[in-house]
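Here's a quick briefing on charged side chains, meant for reading with the structure open. Have a look at the model first, then work through the points below.

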Amino acid sequence: MATQTFAMPGEVLPEDVLPVPSNPSAPLKLGPGLRHTPPSTVTTTLAGPLCVDRKKNAIWIENNSGRYVPQTNDVVIATVHHSSTDWYHCSIMPHTAFAQLPQLAFEGATKKTRPQLSSGSLIYARVHSASKHQDPEIVCYNPSTGKSEGMGELKGGMVFDVSLGMARRLLLNKQKDEGGLVVLDDVAEQVAFEIAVGRNGRVWVKADGIKETLLVGKALQNTDHEALKIDEQRKLVKKLLRQI
């Protein structure tokens, strides 16, 4: 379980706040809102609850404001704005610098086989590098394996906006136990759908029909906006299913 205290931007975290792993060789995992300065200084860059998961040796700032700050290894849903000779220039959040996607940053892509993306195309990608000194770079494959692992162009479907905190919860491996979410599992018992969740607060959903797609999106957004607990999520899903 994660413990929380409140942090303000610019604070240097004392060592006793950082999780101590059971395995001394396990690296500390820094999430959104934190910056590492070698050799061992960790500074906050956002205001919000400081979450520490000692079991996973992870620490991050929970921030539900509308502004997403790209972090290396985050998965995001981006929109292609325009292209140049070697790059696609993509929007991750409104009114922020474009993320740069190399045109060959897809599994097995060559100059002949690379995807031909147009303005408005949706992309599921991973943040390859992020710094306050340069525009973020994204790629559509796992750099560790070279495989797409579900990343690439998202065709069809609809995009729904959720809070950054909700996006983080949706990306947890155990949504019920770790994030208090059952809404997707309950919907999936009756409706087949595909989903991609971006850490930037965007969720792509594709079901067999528009009504089903809207149902999934509405279930997620209502759960998020109304901070529904598990039993309330189940009641919501039953109510929405009766409407289709």
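Is lysine 147 buried, exposed or partly exposed? Lysine 147 comes out as partly exposed, with 46% relative accessible area. Keep in mind that this is a predicted model. The salt bridge count here is 2, and there's a positive surface patch to look at as well.

**Glutamate 107 and lysine 147**
- These two side chains meet in a salt bridge, at 3.9 Å from N to O.
- Glutamate 107 sits in the loop between strand 9 (99–102) and strand 10 (122–131), while lysine 147 is in the loop between strand 11 (134–139) and strand 12 (152–154), so the pair ties together parts that are 40 residues apart in sequence.
- Glutamate 107 is partly exposed, because its relative accessible area is 39%.

**Arginine 234 and aspartate 186**
- Here the closest N and O atoms of the salt bridge are 3.2 Å apart.
- Arginine 234 belongs to helix 5 and aspartate 186 to helix 3 (residues 183–188), so this bridge links parts 48 residues apart in sequence.
- Aspartate 186 counts as buried, since its relative accessibility is 13%.
- Arginine 234, at 35% relative accessibility, counts as partly exposed.

**The positive patch**
- Arginine 242 has 67% relative accessibility, so it counts as exposed.

Terms used:
Residues numbered from 1 in each chain as written. Predicted model: local features only at pLDDT ≥ 70, side-chain atom pairs only at ≥ 80, totals over all residues. Heavy atoms only, no water. Patch = residues over 30% accessible without salt bridge, like charges linked within 9 Å, V, L, I, M, F, W, Y side chains within 5 Å. Areas by Shrake-Rupley, 256 points an atom, 1.4 Å probe, with all protein chains shown as cover. Salt bridge = Lys/Arg side-chain N within 4 Å of Asp/Glu carboxyl O. Lys, Arg positive; Asp, Glu negative; His and termini not counted. Charge placed at Lys NZ, Arg CZ, Asp CG, Glu CD. Buried < 20%, exposed > 50% of the residue type's maximum accessible area, 1.4 Å probe, protein only. Helix = DSSP H or I, 4+ residues; strand = E, 2+ residues; numbered from the N terminus.
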